[in-house]
Amino acid sequence: MSTMTLNPTRELRFGRDLPVAARPGSGSSSVRLTRRGRVVVVAAILLTVLVLGVFFGSRSVATDEAGSPAPTEVVMVGQGDTLWGIASEIAADGDVPSVMSEIKRLNALDSGMLTLGQKLRIPLAD
């Protein structure tokens, strides 16, 4: 028969021989994230945010009913024409700024600058 002896007095140095959970200052968790693990967690979070953004951001604002296009006519910009001048000719009630903004919207203009020979869609005067 063989004999085994255990030494009941064991010297501990600065907590390195203690199990992870029993070390001072450590939490009860034994899971440690490495650098690669942190990269994977961050990538998973970013992917989740991207998928949720695409899912919730791609909703359609269209309706089932067809809209009716505004009645317009096309005019060509001549020498000395301005957006204010064109809008003032068709503004029946004298509200030139609102007609200007409508012309800008119809033609997708960023500013009021016009070029010679440019074709503009303008709303028909009522």
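## Strand S1 and Val 75

Val 75 lies in strand S1, which covers residues 72–76, and the description that follows rests on a predicted model rather than on an experimental one. With a relative accessibility of 25%, Val 75 counts as partly exposed, because the value falls between the 20% limit for buried residues and the 50% limit for exposed ones.

Which residues does Val 75 touch, once those up to four places away in sequence are set aside? The partners of Val 75 are Gln 118, Lys 119, Leu 120 and Ile 122.

## The chain as a whole

The chain contains 3 helices and 2 strands, and when these elements are read along the sequence they follow the pattern α-β-α-α-β. The chain has 126 residues, of which 16% count as buried, and it exposes about 11,000 Å², with carbon and sulfur atoms supplying 59% of that area.

Contacts can also be sorted by how far apart the partners are in sequence. Among the contacts between residues at least 6 apart, 49% join residues that are at least 24 apart.

## Helices H2 and H3

Two packed helices are described by the angle between their axes and by the distance between those axes. For helix H2, residues 83–90, and helix H3, residues 96–107, the axes come within 9 Å and cross at roughly 115°. H2 and H3 are therefore roughly perpendicular to each other, and H2 passes H3 in a right-handed crossing.

On the side of H2, the contact is made by Leu 83, Trp 84, Ile 86, Ala 87, Ser 88 and Ile 90, while H3 contributes Val 96, Pro 97, Val 99, Met 100, Ile 103 and Lys 104. Sorted by class, the contact of H2 with H3 has 10 nonpolar residues, 1 polar residue and 1 charged residue.

Asn 107 belongs to helix H3 and is buried, with a relative accessible area of 19%. Leaving aside neighbours within four places in sequence, Asn 107 is in contact with Lys 119, Leu 120 and Arg 121.

Is Ala 108, which has a relative accessibility of 65%, buried or exposed? Ala 108 counts as exposed, and it is placed in the loop between H3 and strand S2, residues 119–123. Most residues other than glycine have a negative phi. Ala 108, although it is not a glycine, has a positive phi of about 55°.

## Leu 114 in the loop

Leu 114 also has its place in the loop between H3 and S2, and at 19% relative accessibility Leu 114 counts as buried. Where neighbours within four places in sequence are left out, Leu 114 is in contact with Val 77, Asp 81, Thr 82, Leu 83, Ile 86, Leu 109 and Leu 120.

How many residues along the chain lie between the positions of Leu 114 and Leu 83, counted as their separation? Leu 114 and Leu 83 are 31 residues apart along the chain, and their C-alpha atoms are separated by 7.1 Å. Leu 83 and Ile 86, both touched by Leu 114, are also among the residues of H2 that make the contact with H3.

Conventions. Residues are numbered from 1 along each chain as its sequence is written. This is a predicted model: local features need pLDDT of at least 70, side-chain atom pairs count only at pLDDT 80 or more; totals for chains, interfaces and linings use all residues. Side-chain values use heavy atoms; hydrogens and water are left out. Helices (H or I, at least four residues) and strands (E, at least two) are DSSP runs, numbered from the N terminus. Buried means under 20% relative accessible area, exposed over 50%, partly exposed in between (1.4 Å probe, protein chains only). Contact means heavy atoms within 4.5 Å. Accessible areas come from the Shrake-Rupley method with a 1.4 Å probe; for residues, only the protein chains shown count as cover. Axes are lines fitted to C-alpha atoms, for helices over the stretch in contact, and angles run from 0 to 180 degrees between N-to-C directions. Angles under 35 degrees count as roughly parallel, over 145 as roughly antiparallel, 65 to 115 as roughly perpendicular and the rest as oblique. A crossing is left-handed if the near helix is turned anticlockwise from the far one by less than a right angle, and right-handed if clockwise. Ala, Val, Leu, Ile, Met, Phe, Trp, Tyr, Cys and Pro count as nonpolar, Asp, Glu, Lys and Arg as charged, and the others, Gly among them, as polar.
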